[in-house]
Amino acid sequence: MSKVLVSDPIDQAGIDILSQVATVDVNTGLKPAELIEIIGEYDALMIRSGTRVTQEIIEAGTQLKIIGRAGVGVDNVDVPAATRKGIVVVNSPEGNTIAAAEHALAMMLSLARHIPDANASVKSGVWDRKTFVGSEVYKKTIGIVGLGKIGSHVAAVAKAMGMKLLAYDPFISTERAEQIGCQLVDLDLLIQQADYITLHIPKTPETTHLINAETLAKMKPTARIINCARGGIIDEAALAAAIQAGTIAGAALDVFESEPLGESELRSLGKEIILTPHLGASTAEAQVNVAIDVAEQIRDVLLGLPARSAVNIPGLGPDVLEELKPYMELAETLGKLVGQLAGGRVELLTVRLQGELATNKSQPLVIAALKGLLYQALRERVNYVNANIEAKERGIRVIETRDASARDYAGSLRLEATGTLGTHSVTGALLGDKEIHLTDVDGFPINVPPSKYMVFTLHRDMPGIIGKLGSLLGSFNVNIASMQVGRKIVRGDAVMALSIDDPLPEGILAEITKVPGIRDAYTVTL
């Protein structure tokens, strides 16, 4: 009989499910050395946030088939190490959806009616009705930033309360937004028109301090903002200053840049602000839901069935994984690249398997390409299981083609993304010791391995342009690691690919496009 180790406290409902197919040992509070010593006995490991599953623990887990995290994030699991060992890693991406959405709505209503301060006032022996005159949310405009599962549920409830719905999500189609009941607008318009703004997006380099002094200044003086998503999306110092100055009417925060919240100007504000200690997923139902969800997936994998929410590669044995993994990494890398080149909302992704690759299994490569494409929008929330579903929900059509006659390389993969800002394409192949190389960008032949930070330009092939660009980047202390130009004809159009050591500083991209001969420029982080 299989054995499962539960190393963090989980709801009994999850343990009951696991007990149907395995011997379950609940052993919480283990030190890393203690876990390494015993993990070799177990077929499955179930955790929450307390246990950190390192590469050393995974290497010691010689019998492990699955690691289950009863929650959304898997940042405490070395997923690449598990993938290399053929261990499925699962989470519960939807287990706390309702809890998080309801908390955001509760925060909005508490702001509107000053409920926390009114409660404290009555409990202190004061009966003061005039101080706590509130406002109705009926017929007010709610601006929802991020229309994923949580944002969509907030939209459904807000619509039922008679609110007008605006939404900003560059990765979702207008049709999908309309189905939810939202008018899709750009972020500036949403900020300017909304009475309540609620955030439901991941924290990324692009969304860090998305709400700052500049954006707060554009809001209505009667507007209020709610963040139950991730700390750091709002510049907390700028928010405190805006509330103190009366730039906006208030805010409700459940998440903070540093947790637990330490010394902060936010603490000194009055009824204009509500602060809670990261309670978005803290409901009895959510804890039961994530325990059941993950336990069911562990049970299924132990019975030889696929997992429904694997964050690495579900349902593939180690042999198949070993064969496909390099090509899936290629597809995911190209997806990340073409998604950033396309910018905006992608409506169509064409995946073409070329040469010898045309005879391989295609579905894992298509899913890996979608995972890469959606990474900018969803980060760790997109995986090989839900990438296809997330793409459909965002109105992204996928066309798969094969061309066995293409012989520039033994096998290559071409992705073409068409969206609101135009069409871009990238082609890549595995060369040498299965090293990923970009072989074509927007129809221009190149041969360059991708790096973490890259800059691409479309320019006129003319003398001096490379030197001017190098001098410009040098003046901003940007170090170029490598550079290659791809062209079709001499002194015609060309593409330049630069690998740089660090992210491009803010504002330089606009300066690059001012260089005579450069028509467009793109920065990419892989």
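**Reading the labels in a predicted model**

Q: In which helix is D300 found?
A: D300 is found in helix 12, which covers residues 284–302, and the model in which this is seen is a predicted one.

Q: Which residues is D300 in contact with, once its neighbours within four places in sequence are left aside?
A: With those neighbours left aside, D300 is in contact with L305, P306 and R308.

Q: What makes N96 a buried residue?
A: N96 has a relative accessible area of 15%, and because the limit for buried is under 20%, N96 is placed among the buried residues. N96 lies in the loop between strand 5 (88–90) and helix 5, and, leaving aside neighbours within four places in sequence, N96 is in contact with V72, A281, A286 and V290.

Q: Why is I211 called buried?
A: The relative accessible area of I211 is 2%, and this value has to be set against the cut-off of under 20%, so I211 is buried. I211 lies in the loop between strand 9 (196–199) and helix 10 (213–218), and its contacts, apart from neighbours within four places in sequence, are with L199, L216, I225, I233, I234 and D235.

Q: How far apart are I211 and I234 in sequence and in space?
A: In sequence I211 and I234 are 23 residues apart, whereas in space their C-alpha atoms are 4.7 Å apart.

Q: How do you know that T215 counts as buried?
A: The relative accessibility of T215 is 9%, and since buried means under 20%, T215 counts as buried. T215 is found in helix 10, and it is in contact with I191 and L210 when neighbours within four places in sequence are left aside. The C-alpha atoms of T215 and Q192, which are 23 residues apart along the chain, are separated by 8.8 Å.

Q: Why does H278 count as partly exposed?
A: Partly exposed is the class between buried, which is under 20%, and exposed, which is over 50%. The relative accessibility of H278 is 37%, so H278 counts as partly exposed. H278 is placed in the loop between strand 12 and helix 12.

Q: What makes R491 an exposed residue?
A: R491 has a relative accessible area of 52%, and because exposed means over 50%, R491 is exposed. The place of R491 is in the loop between strand 20 (480–487) and strand 21 (493–500).

Q: What is the value of phi for H278, and what is it for R491?
A: Phi of H278 is near 55 degrees, which is a positive value in a residue other than glycine. Phi of R491 is near 65 degrees, again a positive value in a residue other than glycine.

Q: Why is the peptide bond from E259 to P260 noted, and what is its omega?
A: The bond from E259 to P260 is cis, with omega near -5 degrees, and it is noted because most peptide bonds are trans. P260 lies in the loop between strand 11 (250–253) and strand 12 (273–275).

Q: Which residues of helix 5 and helix 7 meet?
A: From helix 5, T97, I98, A100, A101, A104 and L105 meet K149, I150, H153, V154 and V157 in helix 7. The residues of this contact divide into eight nonpolar, two polar and one charged.

Q: How many helices and strands does the protein have, and why is it called as compact as a globular protein of its length?
A: The protein has 17 helices and 22 strands. Its radius of gyration is 25 Å, close to the 24 Å that the globule rule gives for 526 residues, so it is as compact as a globular protein of that length. Buried residues make up 51% of the 526 residues.

Conventions. Residues are numbered from 1 along each chain as its sequence is written. This is a predicted model: local features need pLDDT of at least 70, side-chain atom pairs count only at pLDDT 80 or more; totals for chains, interfaces and linings use all residues. Side-chain values use heavy atoms; hydrogens and water are left out. Contact means heavy atoms within 4.5 Å. Helices (H or I, at least four residues) and strands (E, at least two) are DSSP runs, numbered from the N terminus. Ala, Val, Leu, Ile, Met, Phe, Trp, Tyr, Cys and Pro count as nonpolar, Asp, Glu, Lys and Arg as charged, and the others, Gly among them, as polar. The radius of gyration is taken over C-alpha atoms; the globule rule is 2.2 Å times the number of residues to the power 0.38. Buried means under 20% relative accessible area, exposed over 50%, partly exposed in between (1.4 Å probe, protein chains only).
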